[in-house]
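These are my notebook entries on a structure I looked through.

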Number of protein chains: 2
Amino acid sequence: MDRLGTETAFAVSAEAREFEARGNTVYPFHVGDMNLPTPPVIQEAAIRALRDGRTGYCPNGGIPELREAIAGDVNRTRGTGYRAENVAVQPGGKPVIGKFLQALMNEGDEVLYPNPGFPIYESQIEYLGGVAVPYAYRERDGRFELDPEEIDSRIGPATKLLILNDLHNPTGAACTREEMQRLAELACRRDLFVLSDEAYFDIRYEGESGSIAALPGMGERCAILYTFSKKFAMTGWRLGAALGPKDLTEAVIRLNVNQESCSNHFIQYGALAGLTEGAGEVERIVSVLRDRREAALQALQPVPGVSCSRPRGTFYLYPDVTEAMRAKGADYETFRRRALEEAGVSFCTRQHFGRPGPEEERAYIRLAYAGLDESAIREGLARLQTFLERSG
Amino acid sequence: MDRLGTETAFAVSAEAREFEARGNTVYPFHVGDMNLPTPPVIQEAAIRALRDGRTGYCPNGGIPELREAIAGDVNRTRGTGYRAENVAVQPGGKPVIGKFLQALMNEGDEVLYPNPGFPIYESQIEYLGGVAVPYAYRERDGRFELDPEEIDSRIGPATKLLILNDLHNPTGAACTREEMQRLAELACRRDLFVLSDEAYFDIRYEGESGSIAALPGMGERCAILYTFSKKFAMTGWRLGAALGPKDLTEAVIRLNVNQESCSNHFIQYGALAGLTEGAGEVERIVSVLRDRREAALQALQPVPGVSCSRPRGTFYLYPDVTEAMRAKGADYETFRRRALEEAGVSFCTRQHFGRPGPEEERAYIRLAYAGLDESAIREGLARLQTFLERSG
C-alpha cells in the first residue's frame, strides 16, 4: 500500500467544497467532470432495461450486443478491425489501466508514461511492482507535443510497455499523424506493448482523432482504453471497455471474474442505445464544449501573466502561469490556494499531474471547463483576472 | 497472471447455455443468481436520481447518505458501532475481497479461507502473493460446521488474516453464537485480522444471523463485506460496501481512487431507498426463497442416493451425492455432465468450490435455487430423480 498513489486533485475538490460550505462562491475548474445531462435516449434505454428486469448478473465481459457495438464504433472511427471477442466491458475507463498492467506487466518491468499526465498511471505502475518511466509533453509554437526521440532514448532492456494518452490530459495535446506513425514504428522496433488511453478521443474540436491501434503492426501489441464517460456525458455511470488482442481480452475478463464479476447489467443497454440510436448526441455535447472552450480562451486573453495554447481537444486548458505566479511571488500550492480564497477559482496545477522534471522552467495550471456553463466560465475567469491584476 | 484463478462455475454456465441452445430444457441450479425483481421502491429511486442528473462522479467512497444508511443498517442488524466514515461503497461485494487483501496482506502472508468455499478467496489470495491456507466445513448431525480448533491448529507465524463466510456458500452453514465467539477469541489471541463475508447475512430462514464484527475486540480487527445483491435481489446492479476501522476504510477508498474512481452514482440512491423506505422488502424476498427451499428439500427427499441437510440460510442446498455417484460409477465431472445431458439439470459440484482435501470421503453438489420458480425446482429435481432411478 505504501507504493499506492492517489489523485491529489481530490484534495483540491475537498478544499473547494469546504470553502463553498463557508458561504463562498466557487468556480470549480478543478474537476474533470461534466455538468451536461446524459442524452435522454441513453437514459430511457437504461430505464427500460431496468424495468424489464435486467437486474441479474450478465456475462463477465459484458452483454454481447454492447461488445459488438463497441467494436463497431471503434472500427468505424479508428479504422481498426475488432470483433466482439476483442472487447471487455468495464465499470469505467479507469479499471482498464490496472487490468492492462496486471495482464502484461511483470515485477520490475519499466513502463513509459506521460508526465504531465493522468496521475493514476504512475500510481498503478508503482503499486503493481513496475518501474514508472516518465516522458514529457512540451509546449512549442502554441501546441503541446511529446517527443518520439525522447521516448526512444528512455527505452532500455526492461522497458515493456508504453502508455499513450491521446488526446492528452492535462495539456489537450493531439498527436499528429506523423508523430503517431513514429510511435507505432518505435513500439514495433523496440517490442513494446501500448496502452492507448482514448478517453478523450471524441472530444475533438478541429481535425480528426486517430488511434495508434489502427497503424501497421499495432493490432497485436496495443490495447485501447475506451469509455462512455466523456462522449455521452456519463462520467458517473462508470462504464467503459478494454479492446485488444483476443488473449489479452480473455485475461482482462478473467480479472473481471475475480474483481467485480461484471459491470452493471441494465446500464449497458443505455450505452448500447447511445451507440445504435444516439446519432448526433456526441456532436451535440462536443458543440457545447466547443463554445465553452471559446469562452474560456477569450476570458483568459486579458488575464495578466497568463498565456494559453489553443487545444484541439479534451475539455481542458493548460495555460502557462509562470509570470502570474512570479508576480504573486507564489509557489504552486500558494498560488492555487490564493486563487481559491481570493477569487473563488479552483483549479489543479502542474503538480497534480506528476512530479515536475528538473528541466521544467515554465509553470502551468489546468482549467477544466466541462463542469461550468459559459457564464460561470466567464465570471470565474474575470475574477481570476481581477485577482491577478491586484498587486501583492 | 499464472496465479490468477477463476470461477470454474462459469464453464458450467457456458455448457448449460450451449445445451439449451441445442433445443433442450435446462434447469439452472448452477447459478448463484436470482430471478426475482428488484423491489420497485429501489428501481424508482434509482430512476429518479438518473433523471435528476445524478450522472456525474460522486465521492470515491460513495454518497454520504448511503454510507450513513449502510452503517445504520449494519449497526441495527449486527449490534456494531459503525459510522459513515467506516463505510466504503463498492461496485459489488466481490471488490471488497481484493481490496481487503490489497490493504492488509503482504507478500508471503498466510490467509485462512474456507474450503469448500467461494473460489475467489483462494484465487485472489494467491494472485496477490499470499499463501492460501484452507479450513474445512464438515457435515455432522444434519448441519455443516467449521472447526475453530482446526483453524487454530493451522495458524503459524506467517498467518495474518482469516476469511469467514457466514452464512456460508456453498454449504449454507451458519455459525452458532458459541462458534463465532470462539473464532473471535482466536482472532484476538492469535492477532488475526478477519474479513467477514456477510453476503448472505439477510438470507436467513430460521434463527438470527450475527456478525463476528460485533464481538469484543473485533471492531479494530474486522472488515465486513456487505452487499445489496442478495437482500434486495440486485445482483446485476453491482453495489456493495466494505465496513471496517477508519484507517482500513481510507485505504480501501484510496484503492477506489485508483481502480474505479467511484461506484455508479445514481444507483446508490436506489440502494438508499431500499434501506430507508424498503420496509418488508427483504422479508418478502426471503419468504419466496424459503418456499423454494422447502420445494427443493421436498423434491430431493425421494431421490435415490442423495441426502441433504437442511440449511438455515443462503439460497443453496449442498446434498451428499456419494451413493448416487457410486451408482452411476461416475466421477464429479462425468456425473455433472450426465445430469445435464440426461436430465437437463445443471449444477456445480464440490470441485467448483476449491480442491477437495485428501481426507474428504463424501461427495457433494450445490443446488442453487434462487434462479428457479418453485415449479421449475420441482420439475428439475423430479427429472434428476428419474435419471438416478435409471440404472447405468
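Is B:Arg182 buried, partly exposed or exposed? I found that B:Arg182 counts as partly exposed, because its relative accessibility is 31%. The cut-offs I used call a residue buried under 20% relative accessible area, exposed over 50%, and partly exposed in between, with a 1.4 Å probe and protein chains only.

Before going on, I noted that this is a predicted model, in which local features need pLDDT of at least 70 and side-chain atom pairs count only at pLDDT 80 or more, while totals for chains, interfaces and linings use all residues. Residues are numbered from 1 along each chain as its sequence is written, chains are lettered from A and ligands numbered from 1 in the order in which they are written, and side-chain values use heavy atoms, with hydrogens and water left out.

Entry on salt bridges. I counted a salt bridge where a side-chain nitrogen of Lys or Arg is within 4 Å of a carboxyl oxygen of Asp or Glu. The search of the whole structure gave 74 of them over all chains.

I looked up B:Glu149 and found it in a salt bridge with B:Arg182, with 3.3 Å between the closest N and O atoms. This pair links distant parts of the chain, 33 residues apart: B:Glu149 is in helix H6 (residues 148-153) of chain B and B:Arg182 in helix H7 (residues 177-189) of chain B. Helices here are DSSP runs of H or I with at least four residues, numbered from the N terminus. B:Glu149 counts as exposed, at 56% relative accessibility.

Next I took B:Glu44 and A:Arg51, whose side chains form a salt bridge (2.6 Å, N to O). B:Glu44 lies in helix H2 of chain B and A:Arg51 in helix H2 of chain A, so this pair joins two chains. B:Glu44 is partly exposed at 30%, and A:Arg51 is partly exposed at 43%.

Last entry. I checked B:Gln385, which lies in helix H13 (residues 374-389) of chain B. B:Gln385 counts as buried, at 18% relative accessibility. Leaving out residues up to four places away in sequence, B:Gln385 touches B:Pro302, B:Val303 and B:Pro304, where contact means heavy atoms within 4.5 Å.
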